[in-house]
Amino acid sequence: MDPKPILIHTHFHRRRTGITRSIENVFSFFESKYESYIYGYGISGKKISWKKLSRLVFSRQYFVMHCHRNNEIFRALFLRILGANFKLVATRHAESNPSGLTNFLLKRADEVVALTIGMQEKLKYPSKVVGHGVDNDLFRPKKGVKRVEVKQKYMLTCAGRVRKSKGQKVMLEVFAPILKEHSDWALVIVGKVDKPEFLVELKNIVATHKVEAQVYFIKETSEIISFYQASHSVIVPSFSEGFSLVCAEAMACGCNVIATRNVGVHSEIIQENKNGYLFDIDNKEALQNLLKDLCVGTLPHLGTAAQINIKEHWSAQIEADRLMAIYANIETYESSRLQ
């Protein structure tokens, strides 16, 4: 029986991010076909030591290395200088136009992966689109979940980094006056605050409208799934996203999701008025109307359709299968080259 080919995902970042979760979501699915390792730190999964990796490098044994950040591609290219026999897959995780350095590095990968069609269109070299997948065993609906810190009957949750580009300020400016008229609703903002002064701005809006008892600021937490499961709806008001795992994970939990149009994967993953709702970034009136209808109960709850859509089209298994198809094509190329 032939040994399994070796697959190494890299992760050199001390803080857990969406990239971290995306790797962890798919990693277990590789193990049936690959001898799989993580090279780096800050992530769970079977690690490969520098000692073992160096043996691979100097023995010229073939492997696949999948990198996710510029600093990781630098490490991979250094291994290539040492004579390593591997094929490099690099995923582009940012929605912005790549910098000159990023383009320089990505062009040296054997395969480039973009998370969305919009991201792919900003790359001036061949790439394949593979969106993130959701772990449906973890992110799933669960009846009866409550967050004890939230006193209101209904929760609208906004999760992710608390920063200007995530749209929390615009959301609060629109929603705070509506909240004041609906005492049974709460807004829960969950995430790590980038700049304390921005949090002050948000709290000033809350104070101006006298809805302090209805707006909750929760620090970044490992219990995010329970927030989704306890939520009636989730809002993703971002101006910019690489992919937007929050949107997909909330939908997988059966939440009614309201998100910005043409940001990250929102417009690919949401079929408007069928499994979620979209609004244009610069259209506050449209957002206001959605949130008013939400609070008065006239906005249909599309959580069941959202959950089914994620399970059928955006699962971690589907992402893993698509990535393994890319890895397999590389292996075929490598085998023919060595013959």
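Six bridges join S7 to S8, and the two strands run parallel; strands here are DSSP runs of E with at least two residues, helices are H or I runs of at least four, and both are numbered from the N terminus. Two strands count as paired if DSSP finds at least two bridges between them. This is a predicted model, in which local features need pLDDT of at least 70 and side-chain atom pairs count only at pLDDT 80 or more, while totals for chains, interfaces and linings use all residues. Residues are numbered from 1 along each chain as its sequence is written, and side-chain values use heavy atoms, with hydrogens and water left out.

**Strands and sheet**

- S8 covers residues 185-190, and six of its six residues are buried, so the strand is largely enclosed by the rest of the structure. Buried means under 20% relative accessible area, exposed means over 50%, and partly exposed is in between, using a 1.4 Å probe and protein chains only.
- In a regular strand the side chains alternate between the two faces of the sheet. For S8, Trp-185, Leu-187 and Ile-189 point one way, Ala-186, Val-188 and Val-190 point the other way, and all are buried.
- Then there's an open sheet of six strands with parallel pairing, in the order S2-S1-S3-S4-S5-S6.
- S2 and S6 (128-129) stand at the edges of that sheet with a single partner strand each, so one side of each has no neighbour in the sheet.
- Inside the sheet, S1 (residues 6-12) and S3 run parallel and are joined by four bridges. Ile-6 sits opposite Phe-63 in S3.

**Aromatic contacts**

- The count comes to nine aromatic pairs. Rings of Phe, Tyr and Trp (its six-membered ring) pair if their centres lie within 6.5 Å; planes under 30 degrees apart are stacked, over 60 edge-to-face, and the rest tilted.
- Take Tyr-34 and Tyr-327: they make an edge-to-face pair, 5.9 Å centre to centre with 85 degrees between the planes.
- Tyr-34 comes from the loop between H1 and S2 (35-41) and Tyr-327 from H13, so this pair ties together parts 293 residues apart in sequence.
- Two arginines lie over ring faces: Arg-75 over Phe-12, at 3.8 Å from the ring centre, and Arg-108 over Phe-104, at 3.6 Å. The rule for a charge over a ring is NZ of Lys or CZ of Arg within 6 Å of the ring centre and within 35 degrees of the ring normal.

**Cavity and pocket**

- The search uses a 1 Å grid over the protein atoms alone: a cavity is a set of points where a 1.4 Å probe fits but cannot get out, a pocket is an open set with protein on both sides within 12 Å along at least five of seven lines, and lining residues have an atom within 4 Å of a point.
- There is one cavity of 30 Å³ or more. The largest cavity has a volume of about 80 Å³, a volume being the space filled by probe spheres set on grid points that are joined across faces, edges and corners.
- Its lining has 14 residues, with His-68, Thr-91, His-132, Glu-319 and Leu-323 nearest the centre of the cavity.
- H1 (18-30) and H13 (316-338) each supply at least two lining residues of the largest cavity, and H1 gives the most, with three.
- The second largest pocket holds about 470 Å³ of space. Among its 24 lining residues, Lys-142, Gln-229, Ala-230, Ser-231 and His-232 lie nearest its centre.
- S7 (154-159), H8 (224-230) and H12 (303-313) each give at least two residues to the lining of the second largest pocket.

- Arg-60 has a positive phi of about 60 degrees although it is not a glycine. Arg-60 is in the loop between H2 (50-59) and S3 (63-67) and is partly exposed at 47% relative accessibility.
- Asn-262, also not a glycine, has a positive phi of about 60 degrees. Asn-262 lies in the loop between S11 (256-260) and H10 (266-269) and is exposed at 58%.
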